[in-house]
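Please look over the following model before reading the questions below.

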Amino acid sequence: MDIGTLVADARRGRPRAVARLITLVENAAATPGGDERLREVMAAFATASGPEAEGGRRPYGARVIGLTGSPGVGKSTSTGMLIRAFRRRGRRVGVLAVDPSSPFTGGALLGDRVRMQEHATDPEVFIRSMASRGHLGGLAWATPQALRVLDAAGCDVILVETVGVGQAEVDVARLADTTVVLLAPGMGDGIQAAKAGILEVADVFVVNKADRDGAQALVRDLRSTVAPLRGPWRPPIVSTVASKGEGADDLLAALDKHAAYLDESGELRRRRLARARDEIETIALARLRARFAPEGRERRLDRLAERLLAAETDPYTAADELLADLG
Ligand SMILES: Nc1nc2c(ncn2[C@@H]2O[C@H](COP(=O)(O)OP(=O)(O)O)[C@@H](O)[C@H]2O)c(=O)[nH]1
Ligand SMILES: [Mg+2]
């Protein structure tokens with residue numbers, strides 16, 4: 001199928017086209033130098049709206065909500081709960097599960113198939129997982145482009161679930177308009193066990209597994225941690241039992257409140273500008289790196305490295321030579 005048709009179909013919200021375009025993003029991320037077809041897709045999606053007949057709309061119509069927290073805290077279950085809640089409001093929902101460790105599962109649904117199954121046949125729900133393998137900088141490169149595809153497909157809300165390991169747990173905040181940090185009792189030492197930096201990126205806290213012992217103590221701990229924060233926005237703390245759908249309305253209310261705050265304060269624009277900067281810089285750096293890549297025809301960097309090891313040059317001169325090549 002040609003790119004023009006894929007773009008038009010994705011804009012009409014056709015799941016197959018959306019899936020194929022996200023697969024194109026994943027595959028491009030794993031290819032040195034990317035994929036020129038993707039450039040065409042992004043040009044179509046990132047600028048003015050497409051023809052009305054294609055259902056085209058201006059970009060950035062989707063609200064991006066990141067869910068982060070340690071493995072097992074209930075992110076997938078909460079994602080399912082939020083899908084249901086937003087579907088009740090008639091919203092079109094995209095879900096991107098970002099897994100920094102697993103190999104590509106291009107085209108596959110979430111690993112959490114059972115919990116997401118109920119949405120598998122809903123044409124207004126797009127669920128995809130993505131992994132980080134890639135020459136172009138992995139998820140930092142691929143995720144914003146996958147978000148653009150889901151945005152172009154008319155998603156009103158896009159939920160981004162991290163797998164909750166390592167830096168990705170905190171990095172999701174750079175992609176999202178609103179970041180939800182989940183904690184749960186019985187997972188290590190509560191707040192002390194939370195990863196460095198994770199509390200700081202929270203716009204909304206969720207204490208999930210509120211049906212378990214220690215949930216109230218965790219809320220109290222969290223409250224005393226958050227209380228001294230003197231920002232214009234103090235993150236609310238919502239208790240949920242995601243496995244039973246309890247607390248969905250409270251969470252939705254907290255998310256709405258944050259969305260209103262983002263709009264009124266100008267913070268939405270600030271965050272999206274920062275995201276746009278990241279997006280441009282990441283692509284520029286990836287393109288630069290691709291030209292140095294040893295996969296390149298001349299294997300220039302390999303040869304320079306050999307000369308450096310052989311004490312025939314110094315690293316500055318070698319770097320100059322590499323850059324001169326880019327001319
Ligand atoms: N008791 C209890 N278990 C939950 C709750 N939410 C999720 N779970 C369970 O916790 C486990 C991990 O949930 P999951 O959503 O996969 O966590 P993730 O790794 O953060 O995505 C699963 O067995 C869920 O059924 C809850 O509110 N209460
Ligand atoms: Mg999960």
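Predicted model: local features only at pLDDT ≥ 70, side-chain atom pairs only at ≥ 80, totals over all residues.

Residues are numbered from 1 along each chain as its sequence is written, chains are lettered from A and ligands numbered from 1 in the order in which they are written, and side-chain values use heavy atoms, with hydrogens and water left out.

Q: How many helices and strands does the protein chain have?
A: Helices (H or I, at least four residues) and strands (E, at least two) are taken as DSSP runs and numbered from the N terminus. On that basis the protein chain has twelve helices and seven strands.

Q: What percentage of the residues in the protein chain is buried?
A: Buried means under 20% relative accessible area, exposed over 50%, and partly exposed in between, with a 1.4 Å probe and protein chains only. Of the 327 residues in the protein chain, the buried share is 47%.

Q: In which sense do strand 1 and strand 4 pair?
A: Two strands pair if DSSP finds at least two bridges between them. Within this pairing Gly66 stands opposite Val160 in strand 4. Strand 1 (residues 63-68) and strand 4 are joined over five bridges, and the sense is parallel.

Q: Which element gives the most residues to the shell around ligand 1?
A: A residue is near a molecule or strand if one of its heavy atoms lies within 4 Å of it. Of the 18 residues around ligand 1, those that come nearest are Gly72, Lys75, Ser76, Thr77 and Asp211. The shell divides into four nonpolar, seven polar and seven charged residues, where Ala, Val, Leu, Ile, Met, Phe, Trp, Tyr, Cys and Pro count as nonpolar, Asp, Glu, Lys and Arg as charged, and the others, Gly among them, as polar. With three residues, the element that gives the most is helix 4 (residues 75-88).

Q: What percentage of the area that ligand 1 exposes when taken alone does the protein bury?
A: An oxygen atom of ligand 1 is 2.8 Å from a polar backbone atom of Gly72, and an oxygen atom of ligand 1 lies 3.2 Å from a polar side-chain atom of Glu161. Taken alone, ligand 1 exposes 580 Å² (Shrake-Rupley method, 1.4 Å probe; for residues, only the protein chains shown count as cover). Of that area the protein buries 75%.

Q: Is Ser78 buried or exposed?
A: Ser78 has its place in helix 4, and its contacts (heavy atoms within 4.5 Å), leaving aside neighbours within four places in sequence, are with Leu67, Leu182, Asn208 and Ala242. At 1% relative accessibility, Ser78 counts as buried.

Q: How far apart are the C-alpha atoms of Pro235 and Arg223?
A: Pro235 lies in the loop between helix 8 (215-226) and strand 7 (237-239), and is buried, with a relative accessible area of 9%. Although Pro235 and Arg223 are twelve residues apart along the chain, their C-alpha atoms are separated by 9.5 Å.

Key:
Polar contact = N/O pair within 3.5 Å; in protein donor to acceptor, adjacent residues only side chain to side chain.
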